[in-house]
Amino acid sequence: MQIRRVREERDYSLEQLAERSGLSFRGLIYIEHGQRNPSVLTLVDIAAALDVAPGELINPLADGPSAS
């Protein structure tokens, strides 16, 4: 998962991402550390909060239409 990388690129703290996504701070920590796998809906919420496509959080090569 690329959530932490994208979050840091956007210069968001975990608290800011939690607020923007509507998820709990603790839940995001578990997801970033690989202790929990997010549901598809949770992944969509995180992606929306980070302003990226959900696929970018799963596959770092899926950064645009040219990705296969």
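Predicted model: local features only at pLDDT ≥ 70, side-chain atom pairs only at ≥ 80, totals over all residues.

User: Why is Asp-11 called exposed?

Analyst: The label exposed requires a relative accessible area over 50%, and Asp-11 has 65% relative accessibility, so it counts as exposed. Asp-11 is found in the loop between α1 and α2, and its phi is near 60 degrees, a positive value in a residue other than glycine.

User: How do you know whether Asp-51 is buried or exposed?

Analyst: Asp-51 has a relative accessible area of 63%, which is set against the cut-off of over 50%, and therefore Asp-51 is exposed. Asp-51 follows α4 and sits in the loop between α4 and α5.

User: What makes the phi of Asp-51 worth a remark?

Analyst: Phi of Asp-51 is near 60 degrees, which is positive although the residue is not glycine. Most residues other than glycine have a negative phi.

User: How do you know that the buried residues of α4 line one face?

Analyst: The buried residues of α4, which spans residues 40-50, are Thr-42, Leu-43, Ile-46, Ala-47, Ala-49 and Leu-50. Seen down the axis of α4, these buried residues fall within an arc of 160 degrees, so they line one face of the helix. The face turned away from that buried side carries the exposed residues Val-40, Leu-41 and Ala-48, while the cover over the buried residues includes α1, α2, α3 and α5.

User: Which residues touch the most other members of the largest nonpolar core?

Analyst: This core has 16 residues, and those touching the most other members are Ile-3, Leu-17, Leu-28, Ile-46, Leu-50, Val-52 and Leu-57. The elements giving two or more residues to the core are α1, α2, α3 and α4, and α4 gives the most, with five residues.

User: Why is the pair of Glu-9 and Arg-5 called a salt bridge?

Analyst: The closest N and O atoms of Glu-9 and Arg-5 are 2.8 Å apart, and the cut-off is within 4 Å, so the pair qualifies as a salt bridge. Glu-9 and Arg-5 are four residues apart in helix α1, and are therefore separated by about one helical turn.

User: What makes Glu-9 partly exposed?

Analyst: Glu-9 has 49% relative accessibility, and exposed would require over 50% while buried would require under 20%, so Glu-9 counts as partly exposed.

User: How do you know that Arg-10 and Glu-9 also form a salt bridge?

Analyst: Their side chains meet at 3.9 Å, N to O, and since the cut-off is within 4 Å, the pair is a salt bridge. Arg-5, Glu-9, Arg-10 and Glu-56 are linked in a network of salt bridges.

Terms used
Residues numbered from 1 in each chain as written. Heavy atoms only, no water. Buried < 20%, exposed > 50% of the residue type's maximum accessible area, 1.4 Å probe, protein only. Arc of directions from axis to C-beta. Contact = heavy atoms within 4.5 Å. Core = buried A, V, L, I, M, F, W, Y, C linked by side-chain atoms within 4.5 Å.
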